[in-house]
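Here is a short briefing on one protein model and its ligand. Keep the structure open while you read.

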Amino acid sequence: MSDLRVGFVGLGAMGWPMAGHLKRAGRLVAVANRSAAKAQEFAREQGVAAPATLTELATMCNVIALCVSADADVLAVTREIAASAKVGTVVVDHSTVSSATAQQAQAMMQAAGGDFLDAPVSGGVEGAKNGKLSIMVGGNADTLARVRPVLEAYAARISHMGPSGAGQNTKAVNQVLVAGIAQGVCEGLALGEALGLDPDVLLPTLLSGAAGCWFLDKRGATMLRSEFSGGFKLSLLHKDLKIVRELAQSVGTDSSIIEKSLADYAELMAQGHGDEEISALIRRKRATR
Ligand code: NAP
């Protein structure tokens, strides 16, 4: 596809900076978002269009990237795009949803003469801002080859994992690791705090050894200051882990980290902390006596 005219739908914590990279790469034509004010603000700042409907957006673009919230959003947006898309239009979905949703969305786009790639991302809001996301793609290799220049605007790595749904299955594996690392780091730092260890010495010491990792580096200091804004909302990880639980059950692998994390995040959501970053898990780890 030599003439890539890109639209971006879903301008949240991830989508806003990703769309910004596309604009800087000279590929972004139009944006849309559920709350239209956000799309209008982005359009004003970046000098792109913010059409009133997805139908209009679909007529302006031949590649449409999504980074919306959940399965129902991906299906609703893809349905609307498929109804008005030109033949050959490709939807690239960066949201985290189930592989079944990806396959349903691919069928919708293929019926409309286009295609759909599941292309979930990892690397956090920092990765989106720096344009250094790991993108795990499911779907046709030829379609990926055509739209690869779009993904390159915000990728550190682009991996073709297999047919439709394989990207989302890879992301499910990723989320087990994310949840387990959060359990370990939050529990460890709550213990360090309770023992009165100086965080200014504790954190660099841990980061220099075998326990060093992205989550400790990016969220260690902020969680010890009880700052939980921005980043990855814990309600979104809870949504992801429900998908992961079903997958683990379907193949019979152990799901103890998944279950513990689902219970912890459900409790935090019930206490009104659903919009906080996942490092708010430390609230559940702190001593209660
Ligand atoms: P977010 O900040 O809540 O943003 C979601 C955006 O999508 C919002 O702007 C929302 O609009 C828009 N949206 C939702 N449904 C829509 C629809 N039906 N039509 C149009 N726009 C819609 O979430 P996020 O952190 O950017 O995450 C987005 C996706 O990426 C999720 O699936 C998440 O699991 C995944 N993800 C997140 C991270 C992370 O670190 N944050 C990392 C990797 C993957 P409103 O303004 O109306 O709410």
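How far is an oxygen atom of the ligand from an N or O atom in the side chain of K233? The distance is 2.7 Å. Keep in mind that this is a predicted model.

**Ligand**

- The protein buries 90% of the 910 Å² that the ligand exposes when taken alone.
- The ligand is surrounded by 27 residues. The closest are N33, S35, K38, S69 and K233.
- M14 takes part through its backbone: one of its polar backbone atoms is 2.9 Å from an oxygen atom of the ligand.
- D73 takes part through its side chain. An N or O atom there is 3.3 Å from a nitrogen atom of the ligand.
- Three helices each supply at least two residues of the shell around the ligand: helix 4 (71-84), helix 6 (124-130) and helix 11 (234-251).
- Helix 11 gives the most to that shell, with three residues.

**N33**

- N33 is among the residues closest to the ligand. It sits in the loop between strand 2 and helix 2.
- Is N33 buried or exposed? N33 counts as buried, because its relative accessibility is 16% and the cut-off for buried is under 20%.
- The N33 side chain has two polar partners on the backbone. One is the backbone nitrogen of L11, reached at 2.9 Å. The other is the backbone oxygen of S35, which lies 3.0 Å from a polar atom of that side chain.
- N33 also has contacts beyond its neighbours within four places in sequence. These are with G10, L11, K38 and A39.

**T96**

- T96 lies in a loop too, between strand 4 (90-93) and helix 5 (99-111).
- T96 counts as buried, at 13% relative accessibility.
- Which residues does T96 contact, leaving aside its neighbours within four places in sequence? They are S69, Q168, K171, K239, D240 and I243.

**Helix 2**

**Salt bridges**

- How many salt bridges does a search of the whole structure find? The search finds 13.
- E187 pairs with K285, and the closest N and O atoms are 2.8 Å apart. This pair links distant parts of the chain: E187 is in helix 8 (residues 166-194) and K285 is in helix 13 (residues 282-285), 98 residues apart.
- E187 is partly exposed, with a relative accessible area of 46%, whereas K285 counts as buried at 16% relative accessibility.
- D264 pairs with K260, with the closest N and O atoms 3.2 Å apart. Both are in helix 12 (residues 256-270); they are four residues apart, so about one helical turn separates them.
- D264 counts as buried, at 2% relative accessibility. K260 is partly exposed, with a relative accessible area of 40%.
- R225 forms a salt bridge with E227, where the closest N and O atoms are 2.9 Å apart. E227 counts as partly exposed, at 39% relative accessibility.
- Salt bridges also link E126, R219 and E277 in a network.

Terms used
Residues are numbered from 1 along each chain as its sequence is written. This is a predicted model: local features need pLDDT of at least 70, side-chain atom pairs count only at pLDDT 80 or more; totals for chains, interfaces and linings use all residues. Side-chain values use heavy atoms; hydrogens and water are left out. A salt bridge is a side-chain nitrogen of Lys or Arg within 4 Å of a carboxyl oxygen of Asp or Glu. Buried means under 20% relative accessible area, exposed over 50%, partly exposed in between (1.4 Å probe, protein chains only). A residue is near a molecule or strand if one of its heavy atoms lies within 4 Å of it. A polar contact is a pair of N or O atoms within 3.5 Å; within protein, one must be able to donate a hydrogen and the other to accept it, and residues adjacent in sequence count only if both atoms are side-chain atoms. Accessible areas come from the Shrake-Rupley method with a 1.4 Å probe; for residues, only the protein chains shown count as cover. Contact means heavy atoms within 4.5 Å.
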